[in-house]
Amino acid sequence: MGDLDVKAAAILVAAAADVALVVTGNGVIRDMACQSEELLAALEGQRPWLGQSFADTVTVESRPKVEALLRDASDQATQRRQVNHPSTRGADVPILYSAVRIGSLGPLVAVGRDLRPVAELQQRLVEAQQAMERDYTRLRHAETRYRLLFQMSPEPVLIVDAASQRVVEANPAATQMFGDVGRRVVGRPLLEAFESDTVPAVQALLAGVRSAGRADSTRARLADSSRAAFVSASLFRQENASLFLVRLSLAERDGAPAGTEGKVKLLRFIEHAPDGLVVTDRDGHVISANPAFLDLAQLASEEQARGESLERWLGRSGVDLNVLIANLRQIGSVRLFATTLRGELGAQADVEISAAAVANGAEPFYGFTVRNVGRRLPADARAGREMPRSVDQLTELVGRVSLKELVREATDVVERLCIEAALELTGNNRASASEMLGLSRQSLYVKLRRYGLADAADQGESDA
């Protein structure tokens with residue numbers, strides 16, 4: 001290295017460091033080299049360093065470090081010191097400097113390393129640690145809440161290992177329910193808590209939950225008291241292990257847990273109800289339907305209806321279902337909506353639909369009752385074509401008959417009302433009434449017989 005000239009030495013220093021400064025004895029920067037243009041722009045900004053004091057290029061809190069660096073410089077490398085340079089592009093630029101003096105009275109060379117990548121890593125580490133602390137605190141609070149809920153729940157609950165079927169944990173309600181056995185139920189097989197003849201039912205329940213994720217509750221008797229209890233379970237995973245959450249409820253005298261028998265009876269009623277009952281999602285697609293609705297829609301099984309839009313069977317396609325769903329979303333219920341229902345095989349029935357919206361988190365569902373009102377209508381065709389007596393009855397025909405027939409029916413309603421009013425004003429005097437209406441007496445008699453008013457008019461005249 002003795003034959004190395006000044007230029008080669010300068011190139012070597014510039015290549016070995018991110019930034020190199022040549023500083024005079026009184027601390028003025030005489031020359032500098034920077035490894036990247038980006039770093040040079042971040043350090044100098046709009047103010048070149050050449051000719052400035054080294055201490056003026058750093059932040060206020062870093063000036064004592066620069067003075068110590070210059071003061072302690074010798075022909076040996078000084079202790080490294082980190083200083084911060086202000087930057088016009090954002091955060092300060094941290095540089096780790098060491099200084100070497102050339103000769104006893106010569107200038108010194110300050111060699112620096114850019115610490116921004118290290119600072120960025122340190123910042124990421126701090127943010128990661130803070131995120132971990134927040135997650136740990138949130139999990140600890142959640143565990144505390146659920147632990148408190150588990151302990152204070154009045155319903156007996158057991159945590160059972162799915163592999164060994166041993167009880168891992170039991171809440172106080174479960175311990176009290178099992179009596180003397182409850183004091184030692186934790187760590188023992190769950191099946192030992194039940195009488196032997198009911199153990200197969202509990203085993204089948206756990207097997208069903210493990211394979212399908214859910215199963216209907218079953219009835220078993222407790223080993224210590226022979227009391228009947230309903231057992232239900234659900235499966236969850238924790239730390240790569242499967243666990244059962246087993247819930248127990250004592251059976252009432254009528255043989256059902258509190259509230260369960262009533263719900264079972266309600267479901268049975270829905271299955272056997274004479275009115276059609278349909279449950280749909282928020283868009284009107286069928287989720288479930290009872291046999292009465294399947295009969296009305298002329299479907300062989302519920303699978304044929306499931307997933308289909310209820311609009312498929314309603315009389316006015318594109319109208320009825322939209323009206324029903326709009327009212328359900330705004331009001332929450334609909335009563336006695338008159339329409340028709342078309343079967344798959346061409347049958348058609350006049351029905352009344354009542355519906356209600358049921359909240360279910362972010363995905364509500366709708367329940368519809370479909371009642372066949374065809375029996376309320378007159379059986380013979382002549383009676384079925386009897387003219388409506390009010391505007392309300394007339395509007396109920398919208399969608400059932402054509403507009404032409406509706407206009408004719410409306411004309412008949414107005415004509416009849418006018419004749420009745422004329423007879424009432426004239427005291428059932430047909431001659432005066434015909435003159436008031438601008439009709440001949442013969443035409444009035446025809447219309448009276450048409451609307452069934454002839455007998456009433458004759459009765460009025462006889463009374464007079």
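The model is predicted, so local features need pLDDT of at least 70 and side-chain atom pairs count only at pLDDT 80 or more, whereas totals for chains, interfaces and linings use all residues. Residues are numbered from 1 along each chain as its sequence is written, and side-chain values use heavy atoms, with hydrogens and water left out.

Overall, the protein holds 16 helices and 15 strands; these are DSSP runs numbered from the N terminus, with helices being H or I of at least four residues and strands being E of at least two. Of the 464 residues, 33% are buried, where buried means under 20% relative accessible area, exposed means over 50%, and partly exposed lies in between (1.4 Å probe, protein chains only). Taking contacts with a separation of 6 or more, 42% are between residues 24 or more positions apart; a contact means heavy atoms within 4.5 Å.

Leu21 has Met32 of strand 2 as its bridge partner. The two strands make a hairpin with five residues between them, and Gly27 in the turn shows a positive phi of about 90°. Helix 2 (residues 37-44) comes next in this account, with Leu39, Ala42, Leu43 and Glu44 buried. Just after helix 2 sits Gly45, with a positive phi of about 65°.

Further along, five strands form an open sheet in the order 12-11-15-14-13, with antiparallel pairing. Strand 12 and strand 13 (333-342) are the edge strands, each pairing on one side only. From one strand to the next the twist averages 25°. Within this sheet, strand 11 (residues 276-280) and strand 12 (residues 286-289) are joined by three bridges, and Val278 is partnered by Ala289 in strand 12. Here again there is a hairpin, with five residues between the strands and Gly284 in the turn at a positive phi of about 90°. Strand 14 (residues 348-358) and strand 15 (residues 365-372) pair over eight bridges, and Glu352 stands opposite Arg371 in strand 15. Helix 10 (residues 320-330) lies across strand 13, strand 14 and strand 15, running at about 165° to strand 13.

What angle do the axes of helix 14 and helix 15 cross at? The axes of helix 14 (residues 430-437) and helix 15 (residues 441-450) cross at roughly 100° and come within 9 Å. Axes are lines fitted to C-alpha atoms, for helices over the stretch in contact, and angles run from 0 to 180 degrees between N-to-C directions. The two helices are therefore roughly perpendicular to each other, a label for angles of 65 to 115 degrees, while under 35 degrees counts as roughly parallel, over 145 as roughly antiparallel and the rest as oblique. Helix 14 brings Arg430, Ala431, Ala433, Ser434 and Leu437 to the contact, and helix 15 brings Arg441, Leu444, Tyr445 and Leu448.

As for cysteines, a search of the whole structure turns up zero disulfides, a disulfide being a pair of cysteine sulfur atoms within 2.5 Å. Cys34 is partly exposed at 22% relative accessible area, and Cys418 is also partly exposed, at 39%.

Definitions and conventions: Two strands pair if DSSP finds at least two bridges between them.
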